[in-house]
Amino acid sequence: MRKIKKSHTSDDSSSFRRLPDEMVLQILDKLIDLKILCLCKLVSKRFNQIVTQVNTISFTAVTDPAVEIHNLASEASNTVASIGPFWSAYCSLLKFPRVKSVHIKLPSSVDSLFLFKWKIKFGNRLDSFLFLSPNYIYNKKELYVNENGQDEVNDELIRKKRKIAAQCLFDVMKRLLLIDLISFPLLEKVSITDSDSDNRGKVSFSGGKIADVRNWLCAPSETVEQEPKHVDFPRRMSLCYVPLLELPVSGCVMKGVSLILMLRDDLPDDIDSFMKSDDVEDNEEAAYSEAIMQILKKHRGEIERLV
């Protein structure tokens, strides 16, 4: 038999060795996940230099950063404090100074079985917060036909939803504070969403809005006695309850729909901005957006100011 001489040279066709740095960067920039990118930095000195130039990074936090800070403060008084997984990931993120887009998934502080989604409007400050929560959603009208009519108003249920809405607004404030911490020179977009499967809410800013968030959070008080301006978040609450919503575009039916709107005290009752359709990611999100627009169009007169 003829002997086949085995080559001891590496197969460059399956390696990055012959690729220019620019092409390697284009490949690595598709990975996005922070953990994978950090592992790529360990491959070689060349990879370590190239990976830090990626433009987009995403990571999912398994713990609330605010809870980690509290635990860190508690541990520091007794033993050597250990940094939590979120702040460990944050420290790793700081090693990528050329990042332009950051996407973070955080656990929500709201542990609820209720259906809901929320959205915000931000001018130079946090202007308004909208919370929508149906008791039931039927993906097809045919599934609703056999049900027994509309849900009656349940005051206790609505009070629980008001409390959840306030908790969600608190989550919004924590995420805005995180955006203030992510201060890369080339940053163009920051998005922070819930890490649960329902993706109930998202805080996302791009371009000059990122600077607006930072300016608002860092603005000094006019007097020493005043609270910092960043606590000036929406407090004026209005409520609308709709027993039944048929949504022809998405084909869904919602029962027992509570819409809660919070506005800053110094703003007029301008809710038309929420009627502008935002980009939606799935059919469920489209149904919620359609429900908001339908309530603001057809049930505006039923929106009641709460004390």
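Modeller: The term to settle is salt bridge: a side-chain nitrogen of Lys or Arg within 4 Å of a carboxyl oxygen of Asp or Glu. Bear in mind that this is a predicted model, where local features need pLDDT of at least 70 and side-chain atom pairs count only at pLDDT 80 or more, while totals for chains, interfaces and linings use all residues. Numbering starts from 1 along each chain as its sequence is written, and side-chain values use heavy atoms, with hydrogens and water left out.

Colleague: What makes D194 and R175 a salt bridge?

Modeller: Their closest N and O atoms are 2.3 Å apart, and the limit is 4 Å, so the pair qualifies. D194 sits in strand β6 (residues 189-194) and R175 in helix α7 (residues 155-181), 19 residues apart, so the pair links distant parts of the chain. Helices here are DSSP runs of H or I with at least four residues, strands are E runs of at least two, and both are numbered from the N terminus. Both D194 and R175 are buried.

Colleague: How many salt bridges are there in total?

Modeller: Six. Another is D127 with R264, whose closest N and O atoms are also 2.3 Å apart. D127 belongs to strand β4 (residues 126-133) and R264 to the loop between β9 (252-263) and α9 (283-298), 137 residues apart. This pair is buried too. D64, D171 and K174 are linked in a network of salt bridges.

Colleague: And R46 with D21: which helices do they come from, and why is D21 called partly exposed?

Modeller: Their side chains meet in a salt bridge at 2.8 Å, N to O. R46 is in helix α3 (residues 45-51) and D21 in helix α1 (residues 21-28), 25 residues apart. Buried means under 20% relative accessible area, exposed over 50%, and partly exposed in between (1.4 Å probe, protein chains only). D21 has 41%, so it falls in the middle class. R46, at 26%, lands there as well.

Colleague: Why is S238 called buried, then?

Modeller: Its relative accessibility is 10%, under the 20% cut-off, so buried is the label. S238 lies in strand β8 (residues 236-247). Not counting residues up to four places away in sequence, S238 touches L259, I260, L261, I303, E304, R305 and L306, where contact means heavy atoms within 4.5 Å.

Colleague: Which residues have the most contacts inside the largest nonpolar core?

Modeller: F129 and L176, in a core of 58 residues. The largest share of this core, ten residues, comes from α7. A core is a set of buried Ala, Val, Leu, Ile, Met, Phe, Trp, Tyr and Cys residues joined through side-chain atoms within 4.5 Å. Beyond its neighbours within four places in sequence, L176 contacts L126, V203, F205, V213, W216 and L217. A second, separate core of 18 residues includes C252, L259, L263 and L296.

Colleague: Last one: what makes I32 worth a look?

Modeller: I32 has a positive phi of about 70° although it is not a glycine. Most residues other than glycine have a negative phi. I32 lies in the loop between α1 and α2 (34-40), and its 33% relative accessibility makes it partly exposed.
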